Amino acid sequence: MRNFWKLYRRNRSAVAGIIILGMVVLMAATAHLIYPDDPFRLAGASMQPPGEGGFLLGSDSLGRDVAAGIAHGAKTSLLIGLLATIVAVGFGTIMGGLAGYYGGRIDDLLMRTTEMFQTIPSFVFAILLVAIMKPSIESIVIAIAVVSWPAVARLVRGEFLSLKNREFVQACHTLGMGDAQIMLREILPNCLSPIIVIGSLMVATAILIESGLAFLGLGDPNIMSWGFQIGAGRTLLRSAWWVCTFPGVAILVTVLAINLVGEGLNDALNPRLRERQ
Amino acid sequence: MSHSTKRLRYVLKRLLQAVPIVFAIIIVNFFLLHMAEGDAVDVLAGEAGSATPEYMAELRKKFGLDQPLPVQLAVYLKNVLTFDLGYSFRHEMPVLDLVLDRFFPTLLLMVSTIVLAVGVGIILGLLAATGLNTWRDTLISVFALVTYATPLFWVGLMFIVVFALNLGWFPTSGMENIAAFYEGWDRVWDIAHHLVLPTITLSLFYLALYTRLMRASMLEQAGMDYVTTARAKGLTERRIMFVHVLRNALLPVVTMAGVQVGALIGGSVIVESVFAWPGLGMLAFEALFARDLNLLLGIFLLSALLVVGVNLVVDIIYSWLDPRIEVG
């Protein structure tokens, strides 16, 4: 672990990324303490510019506090990003692992399926899924996971394929270990680093997809999110620029920080790449 | 076998490979249609206000909705293969007519976006790779990193605030000034004027992608043996970079341009709805609001088929560009 941190620390922008991400997480965790009221609640006069009427970042046409929305929206973005990634990585790892280990029919089926997923416009597909399932946290998480898992499956399949014929795996076969045990205890730990890296980058993509869906009006109607704030504020562009601007900055900063962390993890976990640089 | 028949065989082979994908997409579409709560009859009955169960059963029979699922699937396949994408009850028009109507603006937006993103991406990647680890490289890398993390819809809105509302350089939305009744070149100029902001917005994300790809590709090629040979021949660094390396580095960027078309369609839904650009994306946004699933699925199907087509074309172009590609 200490060794890992030493490697990670070498990438200075990755350190900056984790600090920023830490602050976003802190904001999400303390949102209900700083702004205990419902972010949908009318908090005062409407259309207040930033810094006036007691609003740090202004208020929108219904007198909702933009800063409170951003703080509560952080929870939504992180939660959906994380959940969707866990589902996608879990499912993709199982499918990719089975396909890579057993080959044959499962492998063919998986490869054709991922090829199809690479062809269909994934964002449009996500829109369709959410529209059909009705917008809610679950349907958004499912939609993002459905369009994201094929990338994980392809990666894990490749790793399993290259590891399954290595000596240490053959040794396990001679020792009489079962397939499940070999896959879970021997091969999987050896391909965790690329899975962690792709997973961390996927959180960023998931947050971007979620904000896009919410912007189009496909967010969970009961939950404040950054995309919803921007979508609701777009009609006020002429008179109240701040309603759209600040939630967008929040998305940008969060996604950027996660991408930096992902690249830092990649550098620290992938020694081959490190040597090349 | 002569080279041209070999090439023809390759094209045919690629065409055949696309067939199962097209079928899979149509089948996915069919099941999505079924997953949706209620069928077309429910929608019609809802529109009419009241409908007796007998009337609804009769309607179901008329549309073939009382048949078993495999039969319905077969009918759906037949319909799609004869370009019948169903009926939009909101617009009271066949989906195909609606979609074709909106196809041209989207094509215009996508082509100009690809040209801008690939063109500028190649230049930026080249600049970064030739000035490796200088301020120029750092600046371009930071730019790519930031644009990669920016939500497209937000950039679009910010562009509207700055360039349309405050500076007044460009119109805020739409494709042309209909009230002005421009004709000929005036109209072309008007559309081009409206096209600027949506194109820049949509190309930003891909610009970042192509910049990074071009930079990596240039660096990879710079380490190849033929570069050492060229250097040994006494060629100038400038000539090596711009004549020898650049050519080879372009190939992966061309392939990527094809792969990204699917993502580009997703991006155009967002950008078109921000700028009220009257294309397929805007139509999808309207369909979403009107809960017009038939239309939404038709757009999805058409855009998926578009991606299959573009990938095919890119593969064929690629085999022309790089003779090393297996065509046999």
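Me: Which way is the crossing of α9(B) and α12(B), left-handed or right-handed?

Reply: A crossing is left-handed if the near helix is turned anticlockwise from the far one by less than a right angle, and right-handed if clockwise. The crossing of α9(B) and α12(B) is right-handed. Helices (H or I, at least four residues) and strands (E, at least two) are DSSP runs, numbered from the N terminus. This is a predicted model, in which local features need pLDDT of at least 70 and side-chain atom pairs count only at pLDDT 80 or more, while totals for chains, interfaces and linings use all residues. Residues are numbered from 1 along each chain as its sequence is written, and chains are lettered from A and ligands numbered from 1 in the order in which they are written.

Me: At what angle do α9 and α12 of chain B pack, and which residues make the contact?

Reply: Two packed helices are described by the angle between their axes and the distance between the axes. Axes are lines fitted to C-alpha atoms, for helices over the stretch in contact, and angles run from 0 to 180 degrees between N-to-C directions. Helix α9 (residues 185-222) of chain B packs with α12(B) at about 145°, and their axes are 10 Å apart. Two residues are in contact if their C-beta atoms, placed from the backbone, lie within 7 Å. From α9(B), the contact includes Leu197(B), Thr201(B) and Phe205(B), and from α12(B) it includes Leu264(B), Ser268(B) and Val271(B). The residues of this contact divide into eight nonpolar, three polar and no charged. Here Ala, Val, Leu, Ile, Met, Phe, Trp, Tyr, Cys and Pro count as nonpolar, Asp, Glu, Lys and Arg as charged, and the others, Gly among them, as polar.

Me: How many residues of each chain are in contact with the other chain?

Reply: In this model, 37 residues of chain B are in contact with 34 residues of chain A. The largest share of the chain B side, eight residues, comes from α14(B). That side has 32 nonpolar residues, five polar and no charged. The predictor gives the complex an ipTM of 0.84 and a pTM of 0.85.

Me: Why does Asp60(A) count as buried?

Reply: A residue is buried if 20 or more other C-beta atoms lie within 10 Å of its own, exposed if 12 or fewer, and partly exposed in between, with C-beta atoms placed from the backbone. Asp60(A) counts as buried because it has 23 C-beta neighbours inside 10 Å. Asp60(A) lies in the loop between α2 (12-34) and α3 (66-102) of chain A. Between Asp60(A) and Val243(A) there are 183 residues in sequence, but 5.9 Å in space, C-alpha to C-alpha.

Me: Where does helix α7 of chain A lie, largely in the open or buried?

Reply: Helix α7 (residues 167-174) of chain A has eight residues and the number buried is zero, so this helix lies largely in the open. Just after α7(A), Gly176(A) takes a positive phi of about 85°.
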